[in-house]
Amino acid sequence: MGINSERDIEANMQIGPTDAGMVRIFIEAGGVEIPMDFEPEEAEEIAEEIRAAAQAARQVKG
């Protein structure tokens with residue numbers, strides 16, 4: 001399964017700070033919960049990657 005493979009799965013995603021000073025991305029799908037905690041610096045790197053991917057996606061759409 002690659003990034004370009006479509007799947008018909010619904011998922012919920014929440015993003016927010018934890019009381020331990022981490023940034024949590026929390027994904028729930030099909031009864032499975034996946035909490036992912038990141039240091040603030042790591043979260044900023046992820047945000048930059050998302051912005052870059054969004055910009056590249058706009059270029060693909062033309």
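## Basis of the model

The model is predicted: local features need pLDDT of at least 70, side-chain atom pairs count only at pLDDT 80 or more, and totals for chains, interfaces and linings use all residues. Residues are numbered from 1 along each chain as its sequence is written, and side-chain values use heavy atoms, with hydrogens and water left out.

## Overall fold

The protein chain contains three strands and one helix, in the order β-β-β-α from the N terminus. Helices (H or I, at least four residues) and strands (E, at least two) are DSSP runs, numbered from the N terminus.

The radius of gyration of the protein chain is 14 Å, whereas a compact globule of 62 residues would have a value near 11 Å. This radius is taken over C-alpha atoms, and the globule rule is 2.2 Å times the number of residues to the power 0.38. Along the principal axes, the C-alpha atoms fill a box of roughly 40 × 30 × 15 Å. Of the 62 residues in the protein chain, 8% are buried. Buried means under 20% relative accessible area, exposed means over 50%, and partly exposed lies in between (1.4 Å probe, protein chains only). Accessible areas come from the Shrake-Rupley method with a 1.4 Å probe; for residues, only the protein chains shown count as cover.

## The salt bridge

The structure has one salt bridge, formed by the side chains of Arg 24 and Asp 37 at 2.5 Å, N to O. It joins distant parts of the chain, with Arg 24 in strand β2 and Asp 37 in strand β3, 13 residues apart. A salt bridge is a side-chain nitrogen of Lys or Arg within 4 Å of a carboxyl oxygen of Asp or Glu. Side chains of opposite charge can pair when their charged atoms come close.

The C-alpha atoms of Arg 24 and Asp 37 are 4.4 Å apart. Arg 24 counts as partly exposed because its relative accessible area is 32%. Asp 37 is also partly exposed, at 35% relative accessibility. Another C-alpha distance from Asp 37 is 5.6 Å, to Val 23, which is 14 residues away along the chain.

## The negative patch

A surface patch of negative charge gathers Glu 39, Glu 41, Glu 42, Glu 44, Glu 45, Glu 48 and Glu 49. Patches are made of residues with over 30% relative accessible area and no salt bridge; like charges are joined within 9 Å, and nonpolar side chains (Val, Leu, Ile, Met, Phe, Trp, Tyr) within 5 Å. Asp and Glu count as negative and Lys and Arg as positive, while His and the chain ends are not counted. The place of a charge is taken as NZ of Lys, CZ of Arg, CG of Asp or CD of Glu.

Glu 44 lies in helix α1, residues 40-61, and counts as exposed because its relative accessibility is 51%. Glu 42 is in helix α1 as well, but is partly exposed, at 37%.

## The loop between β2 and β3

Gly 31 sits in the loop that runs between β2 (23-29) and β3 (32-38). Its relative accessibility is 66%, so Gly 31 counts as exposed. From C-alpha to C-alpha, Gly 31 and Ala 11 are 9.6 Å apart in space and 20 residues apart in sequence.
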